[in-house]
Amino acid sequence: MARPRPSPAAEALATALLLALTAACGSRLPESDFQDDGRRPPASAPATGEPVRVGILTSATSPVGAGAFTGPRDGARAYFDRLNARGGIDGRPVEVRLCDDGGSGAGNNECVHRLIEEDEVVALVATTVLDYAGASRVSRAGVPDIGGQPIGTAYDTYPHLYSVYGSSAPRNGTPGWDGTLYGGTEVYRYFKREHGARTAAVVSYNQSASAAYARLVERGLKAEGYRVVTQQVDFALPNFRAVAADLKEQGADLVFDAIDRHGNARLCRAMDDVGARVTAKVTNVQNWTSTVAEDHKDAPRCRNALWATGSSRNFQDTGHPAVREFRDATADLKTHSQWQLEGWAAARWFTDAARSCARTGITRACVDSAVNRAEGYTAGGLLLPVSFRPSPEPPGTGRSCLSVARWRDDRGWVTQGDMNRTCFRVPQLAYEP
């Protein structure tokens with residue numbers, strides 16, 4: 001069924017806004033900076049036919065720092081590298097055109113023009129951008145944008161744009177339902193039901209984007225019956241030690257936050273310093289990476305209380321064949337992340353759609369139709385079932401599932417249960433982007 005879960009979108013938007021607090025200015029790198037870096041696997045049966053051209057649009061050099069948005073791009077490229085080495089799509093190689101928009105609206109419009117009108121790509125894949133200013137232009141051109149990360153509201157606004165998480169919004173040119181989006185409370189329900197959590201803390205900055213997201217989290221927690229402790233710190237001079245001391249005093253079971261990655265590391269260190277012990281310090285898919293030990297090297301206790309939730313299978317779950325294929329193809333990467341896996345899933349999604357069109361012609365219209373009618377697509381089990389069946393009315397309640405993992409120093413991210421069975425019927429709370 002269509003999952004009305006815009007919760008990951010809200011998290012992604014909040015993360016982008018928070019990171020942008022430290023932004024200066026960005027610049028677009030030339031395409032030569034993203035050309036073949038020697039990671040292509042040896043070709044056993046290389047594709048030699050007419051190329052199928054796709055575009056990958058990324059804020060690779062955005063103001064929030066190099067690498068913040070490149071995970072989906074890297075995962076998608078790895079998939080297409082392996083695909084081409086194995087014959088492509090019916091003998092046709094996938095030719096990837098990359099564009100870095102620099103994290104600006106002007107740069108995004110420039111990239112959209114280049115990819116759609118000059119390079120004439122069949123589709124965009126794994127789009128991950130800070131400011132999707134060109135989204136309406138992509139939609140008007142009828143170019144399918146497949147498996148993008150919903151940083152902002154574009155994927156709940158325009159037809160032909162397909163978030164990696166799906167959407168049940170009408171997508172008629174207005175975000176969500178008449179400008180209102182909805183998010184479920186399944187993450188809070190999970191920790192209450194599975195771990196007996198009753199008191200939750202929400203930490204934010206004294207900044208509008210941070211405070212707004214914190215209020216959304218607080219509403220969700222209260223809807224699930226939690227006692228909520230709110231803490232706000234000064235963005236310029238945050239006193240995380242005082243926050244950590246109060247979390248200990250209040251007996252918080254869970255800690256959620258609306259602060260940036262650097263702030264999270266400092267909060268964790270402060271929690272260790274004052275001896276604040278929690279059931280879970282909950283993070284999201286953007287921080288679900290293999291760099292946890294390095295990021296939190298000064299906070300071993302808090303580090304081992306980190307939990308991540310999302311909508312895709314744990315990238316360390318190599319017992320699953322689709323994850324194992326992803327890890328085999330990316331074995332030479334220095335780090336791994338959940339966003340890389342989701343970029344890989346987006347590339348597989350395009351490939352499955354294009355193969356269904358191979359007999360009649362791999363066109364924008366055919367690929368778009370194939371993706372749009374997908375019902376319960378999982379990219380071979382990497383994603384929770386995705387659908388784009390529009391709902392004329394906003395959701396009141398919905399059955400939502402989630403993927404959960406916990407960090408352990410000796411094992412990395414450890415999957416907690418089957419994501420297809422970790423499901424709850426929960427209220428869908430309205431919020432305005």
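## A partly exposed cysteine

Cys366 has a relative accessible area of 21%, so this residue counts as partly exposed; the cut-off for buried is under 20%. Keep in mind as you read on that this is a predicted model.

The partner of Cys366 is Cys357, and their sulfur atoms sit 2.1 Å apart in a disulfide. Cys357 has a relative accessible area of 0% and is therefore buried. The torsion about this S-S bond is -100°, and the link of Cys357 and Cys366 is left-handed.

Now let us turn to another pair. Cys268 is bonded to Cys302, with 1.9 Å between the sulfur atoms. Because the torsion about their S-S bond is about -55°, this disulfide is left-handed. Cys268 belongs to helix 8 (residues 261–274) and Cys302 to helix 10 (residues 300–303), so the bond ties together parts that are 34 residues apart in sequence.

How accessible is Cys268, buried or exposed? Its relative accessibility is 0%, so Cys268 counts as buried. Cys302, at 4% relative accessibility, also counts as buried.

## The link between two strands

Cys401 and Cys423 make a disulfide as well, with their sulfur atoms 2.0 Å apart. Here the S-S torsion is about 100°, which means that the disulfide is right-handed. The bond links distant parts of the chain, 22 residues apart: Cys401 is in strand 14 (residues 397–401) and Cys423 is in strand 17 (residues 423–431). Both of these cysteines are buried.

## The overall pattern

How many disulfides does the structure hold? There are four. Counting bonded cysteines along the protein chain, the pairing runs 1-2, 3-4, 5-6, 7-8.

How values were computed:
Residues numbered from 1 in each chain as written. Predicted model: local features only at pLDDT ≥ 70, side-chain atom pairs only at ≥ 80, totals over all residues. Heavy atoms only, no water. Disulfide = S-S within 2.5 Å. Helix = DSSP H or I, 4+ residues; strand = E, 2+ residues; numbered from the N terminus. Buried < 20%, exposed > 50% of the residue type's maximum accessible area, 1.4 Å probe, protein only.
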